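I opened my notebook to jot down what I looked up in this structure.

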Amino acid sequence: MKLFKKITFTALAAVFAVTASFAGAASAAGSLSGKITINGSTALLPLTLQAAKEFQRLNPKVRIAASGKGSVTGPQAVKKGIADIGACDWDASIDVPGFKAFSGQVANKVAVIPFATIVNKNVGVDNLTTEQLRGIYSGKITNWKQVGGADADIVVITRAFGSGTRVNYQAKALAGGDIVKKEKNYKETGSSGDMKTAVATTPNAIGYIDLVYVSGDVKAVKHNGVAPTTQNVINGSYKVWAYGYYMTKGQPTGAVKAFIDYVQSKKFQQGSLKKLKFIPISAMK
Amino acid sequence: MSGFSRSRSSSWAVRRDKLATCGFYALGALVMLLIFWLLFAILSKGLPGLDFSFLIRQPEEIDAGGGIGPVLFNSFYILLLSLFISVPIGLGAGIYMAEYAPDNAFTGAMRICVEALSSVPSIVFGLLGLAIFTEYFGLGLTLLGGGVSLALLNLPMLARVTEEAVRAVPKELREAGYALGLTKFYCIRKIVLPVALPAIITGICLVAGRAFGESAVIILTAGLSTSGEMWDFSLLSPGETLAVHLWYVQSEAIVEDARQIADKSAAVLVIIVLLINLAFRAPLWWVKRGRGR
Amino acid sequence: MVQPTYDSTPAVNGSLHGKADSGRRHLRHLFANSLARYYFLFSILALCLVLGLVIVFIGKTALLLLGQISMADFFLSFNWTPEEDKFGAAAFIVNTFSLTALTLLISVPVSVGMSVLTAEIAPVWLKRFIRPILDLLVGIPSIVYGYLGLTVLLPLLRRASGESLGDGLLAAALVLALMVLPTIARISDDAITAVPGKYRDAAYALGSTRLQVIMRVVLPAAGRGILAAVILGMTRAIGETMAVVMVIGNTSQLAKTLFTPASVLTSNIVMQISNVEFDSTWNYALHMMAFLLLLISFLLILVIRFLGRKRREG
């Protein structure tokens with residue numbers, strides 16, 4: 001029983017130690033000025049994490065904590081004051097379908113995010129028009145035969161309502177068309193990774209995803225005859241893209257401003273951001 | 001027994017007994033096969049290419065070859081933190097419910113409440129932690145918030161398992177203790193707990209494993225980033241854990257070897273859970289052998 | 001009484017010393033006894049505090065829903081279309097019950113069977129081998145279960161059923177059954193092991209076979225613990241989300257077949273709670289669903305306990 005006694009004792013001691021250090025740390029936190037908390041869109045997270053890493057290397061005294069749960073979490077966290085920067089896939093300072101504007105917030109553009117329509121590799125269709133996509137997502141077109149493919153049911157895979165990817169895809173690729181749930185052959189996924197895995201493993205599936213995630217195990221189809229490539233986004237022929245935003249309460253100041261400036265700087269935009277396969281904001285004029 | 005001639009019904013019972021034994025073994029074999037296939041599916045993808053430097057390198061966003069160093073450290077740190085809080089309180093509460101609480105309707109209702117609490121999805125505990133630590137205390141995303149929220153998540157389970165373990169100790173043992181004039185606590189400490197210990201350890205292993213693999217709570221309370229340093233003991237650093245990293249890599253990461261990192265991380269997670277189980281159980285085996293049981 | 005010299009206490013006055021010592025030790029024990037009592041009381045109060053915190057936290061937001069929509073709509077309508085302010089949770093409630101029942105149907109026989117095997121039948125070396133392996137299952141993160149469900153189980157189900165999607169209650173129940181297997185099996189295992197050996201000896205002495213001993217003596221004696229195990233497993237199944245959302249289809253409709261893409265309370269909460277605004281009816285509705293989840297678990301636990309008691313009496 002000594003073992004148990006020891007465990008209990010250590011545990012108790014640790015609880016006290018934790019409480020003590022908690023009290024000490026809490027009072028010290030007030031004097032720390034360079035702490036940035038970022039929350040919001042998961043799609044922008046790779047960019048945020050990379051930028052945070054580089055920025056902290058340049059400014060060792062600034063501490064950055066980042067997390068992501070969903071686009072609307074970003075501006076909400078900023079509104080509540082629990083985050084300094086809210087990453088969001090749309091401009092949250094104005095109304096978008098489904099979400100009201102967050103007043104008093106400033107939208108800072110940080111990247112251009114292209115989206116692609118993807119299908120399972122067994123699908124023979126290479127091109128879909130806006131009309132066809134609207135038909136598929138509203139449930140009017142249910143068989144690949146109707147859009148020039150083989151005779152097979154279309155399995156529609158979509159993101160949950162409120163996902164930044166869905167908001168942008170609906171606005172740009174479906175021209176505001178509805179995504180209607182069906183009794184069969186319809187499923188919602190919770191993240192880009194799930195979407196990709198689901199489309200890759202489900203025969204006859206169609207979905208949509210940020211272009212950066214498209215790789216060999218799914219097929220990206222053309223939209224109105226234009227292939228989803230970075231080049232086509234920059235030259236203006238591929239329309240399905242959106243800006244990614246950092247929302248702040250009023251104009252950013254101090255460390256937050258320095259961080260956003262760094263993300264928008266030519267060095268980051270042309271360097272790491274391009275390597276992450278986002279498109280620099282300066283490319284879109 | 002074999003010397004007696006059996007009646008027809010008893011030979012039928014014997015045959016049934018044999019059949020059932022076969023059935024149980026078949027079930028066991030089937031489940032074991034399933035588990036081994038599962039482990040094989042996880043480990044065969046993750047173990048090749050797993051080397052020590054993967055365990056200590058920093059995660060990468062752009063280049064292939066990122067590691068899991070800081071997130072692995074955070075995992076252990078948050079696990080210990082949550083166990084330090086939940087084990088003493090969970091055991092205490094469990095013992096109270098089993099030994100001290102009057103056996104009335106209120107205690108019964110309390111027990112059901114505690115049980116119902118473990119069906120609350122972990123994301124709700126995450127939201128609770130978010131409300132307490134980031135909103136009320138204004139700490140931001142911290143290891144401390146993650147550890148405490150995780151402890152809250154595990155408390156009900158731990159308390160219930162302890163209560164059941166303590167209750168399962170035969171009454172006679174206790175009565176013998178009281179007959180010798182022992183105080184209640186002395187009796188619990190010296191007689192009841194040693195007997196209940198294996199079951200309690202099972203409970204701790206179960207919650208430790210769950211805590212190690214939990215991601216929803218940590219994403220909300222401790223964040224998805226690390227401080228970028230390997231041995232950061234500060235309780236106020238952001239604390240991405242291995243399970244969270246696995247979720248991130250599988251869900252959103254862009255880096256080209258994301259799949260491999262996810263596979264390797266899953267393998268590491270499983271191996272560590274095995275080690276945690278061993279670490280908790282080994283002393284028990286040792287004690288048992290020492291007692292000659 | 002002559003004291004042998006190996007005792008450090010001098011022989012003279014030895015007994016007197018001993019008396020004082022034991023008196024002090026007794027006092028110390030009494031002190032520790034009352035201290036421990038306070039500590040246990042403190043623990044249970046801390047647990048109550050957590051309980052209260054969760055209920056208040058969820059309830060506070062959930063009750064805001066009362067002023068927004070009618071409760072009859074919330075509980076009885078099958079139409080959940082938050083975009084159009086339709087918040088009917090009936091489909092999720094029904095699905096939650098069906099999924100839980102289906103999961104228990106699959107997992108309880110298998111898990112309790114496993115626990116009988118490890119506790120009563122298998123030789124010692126096999127027990128030592130199986131138990132840690134079962135524990136391992138707990139540590140596999142839910143998203144790994146979900147990923148394997150998505151990439152291995154769903155294609156299998158698709159082939160077996162001829163469906164083109166495969167998502168639905170059956171896939172979710174199979175994944176959940178595997179996930180709660182260790183919880184139920186290990187805790188029942190401990191409960192069975194704790195049944196005093198003399199019960200078994202008595203039954204064997206009466207000429208029972210092992211199966212009879214297990215079914216008529218050991219399992220009833222361990223009933224309480226097994227019941228607790230089933231309840232803990234069930235609550236875990238109800239609360240589990242990350243794996244479920246990957247294989248259930250997340251579509252707000254009643255699961256009429258095993259392969260209808262559907263949604264349960266938890267999966268719907270998890271899928272949507274990060275995409276709603278804090279001060280919206282939608283958010284209140286999601287919190288109300290979390291509150292409902294507590295009530296449902298409460299109800300199911302009551303039912304299981306009631307059934308258990310009835311069986312023991314019968």
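**Entry: a pair in chain C.** I looked up C:Arg186 and C:Asp189 and found that both are buried. This is a predicted model, so I read every value here as computed. The two side chains form a salt bridge, with the closest N and O atoms 3.2 Å apart. I then checked where they sit: both belong to helix H6 of chain C (residues 169-193). They are 3 residues apart there, about one turn of the helix.

**Entry: another pair in chain C.** Next I went to C:Arg236 and C:Glu240. Their side chains meet in a salt bridge, 3.4 Å from N to O. Buried or exposed, I wondered, are C:Arg236 and C:Glu240? C:Arg236 is buried, and C:Glu240 is buried as well.

I noted a general point for myself: side chains of opposite charge can pair when their charged atoms come close.

**Entry: counting, then chain B.** How many salt bridges does the structure hold over all chains? I get 18. One of them joins B:Arg111 to B:Glu163, with 2.9 Å between the closest N and O atoms. B:Arg111 is in helix H4 (residues 105-117) of chain B and B:Glu163 is in helix H6 (residues 143-167) of chain B, so this pair ties together parts 52 residues apart in sequence. B:Arg111 has a relative accessible area of 8%, and B:Glu163 comes out at 0%. Under 20% counts as buried, so B:Arg111 and B:Glu163 are both buried.

**Entry: chain B as a whole.** I stepped back to see what chain B is built from. It has 11 helices and 0 strands. Read along the sequence, its pattern is α-α-α-α-α-α-α-α-α-α-α. Its C-alpha atoms fill a box of roughly 80 × 45 × 40 Å along the principal axes. Of the 293 residues in chain B, 64% are buried.

**Entry: a nonpolar patch on chain B.** Which residues form the nonpolar patch on the surface? I listed B:Leu47, B:Ile271, B:Leu274, B:Leu275, B:Leu278 and B:Trp285. Together they have about 460 Å² of accessible area. I picked B:Leu278 to look at: its place is in helix H11 (residues 258-291) of chain B. B:Leu278 is partly exposed, with a relative accessible area of 37%.

**Entry: a negative patch.** I also looked for charge on the surface. A:Asp178, C:Glu83, C:Glu84 and C:Asp85 gather there in a patch of negative charge, so I have residues of chain A and chain C in one patch. I zoomed in on C:Asp85, in the loop of chain C between strand E1 (80-81) and strand E2 (86-87). C:Asp85 is exposed, and its relative accessible area is 56%.

**Entry: an arginine reaching for backbone.** What does its side chain reach? The backbone oxygen of C:Val195, at 3.2 Å. C:Arg200 is buried, with a relative accessible area of 13%.

**Entry: two asparagines in chain A.** I turned to backbone angles. Most residues other than glycine have a negative phi. A:Asn185 has a positive phi, near 55 degrees. A:Asn185 is placed in the loop between helix H5 (164-172) and strand E7 (186-189) of chain A. It is buried, at 8% relative accessible area.

A:Asn204 also has a positive phi, near 65 degrees. I found A:Asn204 in the loop between helix H6 (192-201) and strand E8 (205-210) of chain A. It is buried too, at 15%.

**Entry: last stop, a valine.** A:Val155 is in strand E6 (residues 155-159) of chain A. I looked up its burial: A:Val155 is buried, with a relative accessible area of 0%. How are A:Val155 and A:Tyr186 placed, and what separates their C-alpha atoms? The two residues are 31 apart along the chain, and their C-alpha atoms are separated by 5.9 Å.

Terms used. Residues are numbered from 1 along each chain as its sequence is written. Chains are lettered from A and ligands numbered from 1 in the order in which they are written. This is a predicted model: local features need pLDDT of at least 70, side-chain atom pairs count only at pLDDT 80 or more; totals for chains, interfaces and linings use all residues. Side-chain values use heavy atoms; hydrogens and water are left out. Patches are made of residues with over 30% relative accessible area and no salt bridge: like charges are joined within 9 Å, nonpolar side chains (Val, Leu, Ile, Met, Phe, Trp, Tyr) within 5 Å. Accessible areas come from the Shrake-Rupley method with a 1.4 Å probe; for residues, only the protein chains shown count as cover. A salt bridge is a side-chain nitrogen of Lys or Arg within 4 Å of a carboxyl oxygen of Asp or Glu. The place of a charge is taken as NZ of Lys, CZ of Arg, CG of Asp or CD of Glu. Helices (H or I, at least four residues) and strands (E, at least two) are DSSP runs, numbered from the N terminus. Buried means under 20% relative accessible area, exposed over 50%, partly exposed in between (1.4 Å probe, protein chains only). A polar contact is a pair of N or O atoms within 3.5 Å; within protein, one must be able to donate a hydrogen and the other to accept it, and residues adjacent in sequence count only if both atoms are side-chain atoms.
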